[in-house]
Amino acid sequence: MKILNCPLNGPRNIQEFVWGGEVTEMPDPNRCTVAEWGDYVFLENNTRGVIREWWCHAATNYWFIAERDTSTDEILKTYPAGEVFTVRTDFEVPEEDSKG
Amino acid sequence: MTTSHRLPEPFGLYIDRSRTLGFDFEGRHYSGLAGDSLGSALAANGVKMVSRSFKYHRPRGFLTFAGLDCNSYVQFGDEPNVQADRLVLTDGLSASALNVSGSLENDRDAYLGHFSRFLPVGFYYKTFFRPKGAWAYWEKIIRRKAGLGNVDKKTPHGYYDKAYLFADVCVIGGGPAGLSAALEAGKTGAEVILIDEEARLGGSLNYAFGAGGQERASKLAAELAKFDNVTVLNPALCTGWFADNWLAVIQGNRLYKLRAKQVVLASGSVEQPMVFRNNDLPGVILGSAVQRMIRLYGVRPGSRAVVCTGNDHGYRVAQDLRDAGVEVVAITDLRNEEAKCVEAGALAAQGLRILSGHTVYEAIPERGKRGISGAVIDSITGEGEVSGSGETLACDLIVTSVGYAPLAQLMCHCGGRMKYSDALHAFELDERPKDAFFAGSVDNGFDLEAALAEGAQSGWSAAKTAGAKVGKEPAKPGAKGAEGINYPWPIFPHPEGKDFVDFDEDQTVKDVINAVADGFEDVELMKRYTTVGMGPSQGRNSALNSVRLTNKANGRGVSGSTTTTQRPPFKPESFGHLAGRSFDPERLTAMHHRHVEAGAQMMLAGAWYRPAYYGRKADRLACIEAEARNVRNNVGMIDVSTLGGLEVRGPDAAEFMNRMYTWAYKKQKVGRARYLLMSDQTGAVVDDGVACRFSEQEFYVTATTGGVDGVYRAMLRWNAEWRLKVDVANVTGAYAGFNIAGPNSRKVLEKLDCDMDLTAEGFPYMGVREGRIAGIPVRLLRVGFVGELGYEIHMPASCGEALWDLVMEAGAEFGIKPFGVEAQRLLRLEKGHIIIGQDTDGLTTPAEADMLWAVGKKKPFFIGKRSLDIMAEARPLERKLVGFTLPGDSPVPEECVLVIKGDRIVGRVTSAARSEACGGIVGMAYVAPEDAVPGKSFNIKLEDGAYIYATVASIPFYDPDGKRQEL
Amino acid sequence: MPLALLKYGLSKTYPARRHFPSESDLKSSYDIVIIGGGGHGLACAYYLAKDHGITNVAVLEKGWLAGGNTARNTAIIRSNYLTPEGVAFYDESVRLYQELANDFDMNLMYSERGHFTLAHTDAALRTARWRAEVNKHLGVSSRVVFPDEIKEICPEICLDDDVRFPVLGALYHPPGAIARHDAVAWGYARGAMERGVEIHQNTEVTGLEIEGGRVTGVKTTRGTVKAGRVMQATAGMSGTVSKMAGFKLPIRSIPLQACVSEPYKPVFDSIVVSGSLHIYISQSSRGEFVMGGSSDPYGLYSTRSTLDFKEGLMSHMLELFPFLSKVKVLRQWAGITDMTPDFSPIMGETPVENYYIDAGWGTWGFKATPVCGKRMSQTLATGKVPDILKPFALDRFERFHQVGEKGAASVGH
């Protein structure tokens, strides 16, 4: 059983965590093309190597980010999501739409 | 039978001669001694044959005498496949042979050995399949012949449990290297756990090094016992080594899960068999096995022995045999040069016949092959070749000593690898896992002093790496003594065959060679085709020789070749050990006991139990109907505690709700509830509920019983990205809740001490309030899943039962009765409310569920929005959920029967029931969009294949204007 | 004793018949190159030669033949799917399987055992009925059965109602079968080889040559070869290979673990699956119980085993079969599965011209081996995707048009 070091709860058995997939950036849903949105929703980098991914400590429901090598399962580091997502996300309707 | 094979003291370290134990094997009674294994007790009684082989039913005897082969497999009561040489003898123990037709002595399947030439490698691929269907006949026969022990279908689950252990340093193996490692690590004050399979520490010290070895083992063990920080776990077996030093250790009926900062693997090695004709018969045995018999159990393994050796160990073995009163007829040494060890000199001086450059070429079976009567010895003329002018020596024992294979399987479980070393003619550790050290013969360290020193250094280094304060580094080990241990080619194929490479699977030299000829040149492919290494001993005794043979036959050469991948467990683990005491959490609501008292039939809802209906199973439908009728006419009460409850609070609470759910919540008024629908990123409907706004910044959100954990997790996940000022708490377990519904529900509440205005004006439909009932703080929601005047009451779980009782008491005069999930399903169906997961599936969109009314059109974003927009633009709907009715004389279609158009499946019935309130059968179904118009009809195909015609009806079926719920 | 074995006993030398060629040089050019020498790749090669007479074909395998998921799956064959597209596809596979031994002149130990998908909740029972109804409508034998009937067919299943997860009913699929998984690949390999197809083991594809959006060649560790058409059939490595072709896939590579017990005398015949308990079990003709559960909880390319997999599996196994408590696990392993969002495979065209894909099998690629091989060979031979494969096109995701097999997929066997 691997140990995953939760930034909030410290090192715990990986069984206590839920995987959230690779960290990807949401394109602007109101401006991106259909293909870009489809890519975001369905397609996977599925990288064989070091990836940045979401993990949630199930007992505390704390989400954070880990860097892990998917070929060896080695976990390189973990840190709070706030280190990547530093600013508030807002969504806006493009101007031409909002008028109508 | 007498114990005539028992040796006097000092032989027999393990046995207690003062305690005699009676036991039965194959229906015969024997006696053994305390400390015996079943195997040693049988050997002490002169029993040589303990099993029959898998395929040819050839007699088999002891091979490793260390539980590392399956020649010693027996049936022990209801436990199949038990190793006799590991089974601790107890008084009255009874065991029998397995995989025999008749008895071990007279196995009717023994004739199969005569047909071996007709059973070539992979013979079962080559026949049994024509004509079509033939395999169905043959398989039955082959299945009966295959398999080893019998599984008793009456075996009880039994008690097994689990425990966790933690160590700075875990040492696996209590032989010289392991003992020394544990001692050195112990001296540093580190927490040390030493695991050994034997009841007595010492490993090879106890059997391979005479009295002096045993003395050293005792000394080391005694010294180790002085350290409080060292725990010895024995007899215990480490069966798996997983990521980050997570070890599976089985002791008794317990599975320990041990987390070690550092591991020292000192698991030793397993002596490898020779390959020659009849090398599998009882009486052909490994040198280390006879040493174990003699020293540990005081058993004389035979009377006349031929020793065949490829290293100096064979001479020690020969000396041990002589010490135990076994006549050694000759030693054949595979090597051309004379042995230089002290023992060889001594034996030669005593006049023992030693033949260099000679091998045992064949074992001569005694009548019935239940043992051997002689050995054909011959001079070696080339790799695996002999002169052909051999000599037969009478003997009842052939003891071989030609090398070892590391017991490094555990290391391979967590990423280590072994490869063949040309210099050593042995497998050696190649890639090694991190946070681990290796000592002793597992790392081809065969010199005793070097192994002890290597152990000490490993223990010291492991403790140091684990963070312990260490003293001076122990002395560096001397030469490992790895060279000259493994003879390069101890394989002497015989034209008549029966030269076994894998005893588990009855595979011989030609089977391996023929597999390569069939194209299975890679060792992994050879293994799968021949099944060499796939039997219960997992190649421990066959990997080395089969890799040598395969790589010779395929011309690649053995140099640098690897073993096949070694997988856990190291030795078989019982399901019971792995299962332990199955813990499946159950969740009970605060009112659970009231439901049980009221005779409810409970049903599973995730981890929860919910009342399905109240009454006997035989009266199911009548109960459901009566409960529904009581809600429609009087008042009913249903436990809704299992529904999810989430608190969404903060300045951005409404914005957050807008993003998580499809509808709009920014303008939702305080004190009001609003329906919730959630879609996922792909636009599929995944959950629903209601949002109650208790203040500008505070929503109380319900979710489905099965969905709440996922919803909560998704909310936190999204906000980890969005960084909105909002806090979400899952309060599902903190609140109990029940819904009181029916025309009399207000009257019931009014009877109670309630500090809220309950009038229709003061507390209208879809209103939400906080207040107290009978002093209990409650949240009151005027929502109506069942379509009657009703209140959902949420209260601290600790007060749930009390308030339930108060309401029941107050409602008695109005005819209040509890109702269950089944009645609720009927009532909501009459109102046309969907159940997520029943009326939707993994791909249903809001449009398909006909719920676009709950999707905000003007919001810039909600999860799934863009995907839904894309789908709406890309193509017309393919199905749509509608209400339908059926004529009263129709059968009620089962949920999930199909809706067929032409011959095409266009949808399915998701819900259907006979409704008293609606005066007929009502249901919901997915139909072709062009048919989703009230009045149109469509085809339902019933389970029996009959079609019925249903008519699309507008929903709700019951009280379409909603007057009853808005009273 | 069957007569077919006589020649082995009577001939002086072993009458060998190769399944795989010995190592040979790569040619400079092939009509078709198949990346991945697992069951699927080999089946495609076999049908290219047999059905279409195309033999200038190379199958390239980076390791040993059929050493990936073909060697690691638990050999269950069935067609009791949920979607009409899935049922039609797997039904054709079952039919092909039934003829395969004769085609190959090789016993695949194809054994119809009957397949139970147990339902412990009313929701699971509903899904069972849905599948049964779709199956029946499309001519596939499946039905919902209740404990009284389960007890008659497989009395070993614990049907007590005082356990944590009582069995309420099951989807029963009588044609559900097991087969010797390795042999399927070996049979295809031999059949393809004997018809002239080249099979190269230890030949890893390292890149693709693409000119003007069209694939023209394949780079390997043993040199570059020109290719008319190329198909990738690389399961867990699908994403890695597709990246060489320049496109991403809706696929996550996730380990799936399984284990076998020691061999025992026959205990029961049925294949038993429980979605709620996340377990499945059958007993092979060798007597080993073959068992597995749900996929691992996170993406990974390493085939390491875990202890928690076995613990969870056995905890639930003993709920259904308490009497197996003293039965022992002999070996556990993992394969890397290629999971799609809708639990349905991806077959057919890709954004690169002449480059085709066979991927996204998740946990059930073995059972599709014949039909996928046959239909992909048709695709490669003609350049046209047959109707039966069309619902599984890669571009269904950009069209937001998934195949809804998810409902039947809690445990994929």
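**View 1. B:Gly440, a buried loop residue.** B:Gly440 has 35 C-beta neighbours inside 10 Å, so B:Gly440 counts as buried (buried means 20 or more other C-beta atoms within 10 Å of the residue's own, exposed 12 or fewer, partly exposed in between, with C-beta atoms placed from the backbone). You'll find B:Gly440 in the loop between β27 (436–438) and α10 (448–465) of chain B. Here helices are DSSP runs of H or I with at least four residues, strands are runs of E with at least two, and both are numbered from the N terminus. Leaving aside neighbours within four places in sequence, the contacts of B:Gly440 include B:Gly175, B:Pro176, B:Ala266 and B:Glu454 (contact means C-beta atoms, placed from the backbone, within 7 Å). B:Ile141 is 299 residues away from B:Gly440 along the chain, and their C-alpha atoms are separated by 47 Å.

A quick note before moving on: this is a predicted model, where local features need pLDDT of at least 70, side-chain atom pairs count only at pLDDT 80 or more, and totals for chains, interfaces and linings use all residues. Residues are numbered from 1 along each chain as its sequence is written, while chains are lettered from A and ligands numbered from 1 in the order in which they are written.

**View 2. An open sheet in chain B.** Five strands line up in the order β2-β1-β7-β5-β6, with mixed pairing (a pair needs at least two DSSP bridges). β2 (28–34) and β6 (79–83) of chain B stand at the edges with a single partner strand each, so one side of each has no neighbour in the sheet. Inside the sheet, β5 (residues 73–76) and β7 (residues 93–97) of chain B pair in the antiparallel sense over two bridges. Look for B:Val74, whose bridge partner in β7(B) is B:Ala97.

**View 3. Where chain B meets chain C.** Here 88 residues of chain B are in contact with 77 residues of chain C. On the chain B side, the largest share, five residues, comes from helix α3 (residues 134–145). Strands cross over too: β30 (residues 573–574) of chain B runs antiparallel to β17 (residues 328–339) of chain C, joined by two bridges. B:Ser574 sits opposite C:Lys328 in β17(C).

**View 4. Helix α9 of chain C, mostly covered.** Of the 14 residues in α9(C), 12 are buried, among them C:Leu307, C:Phe309 and C:Met314.

How values were computed
Contact = placed C-beta atoms within 7 Å.
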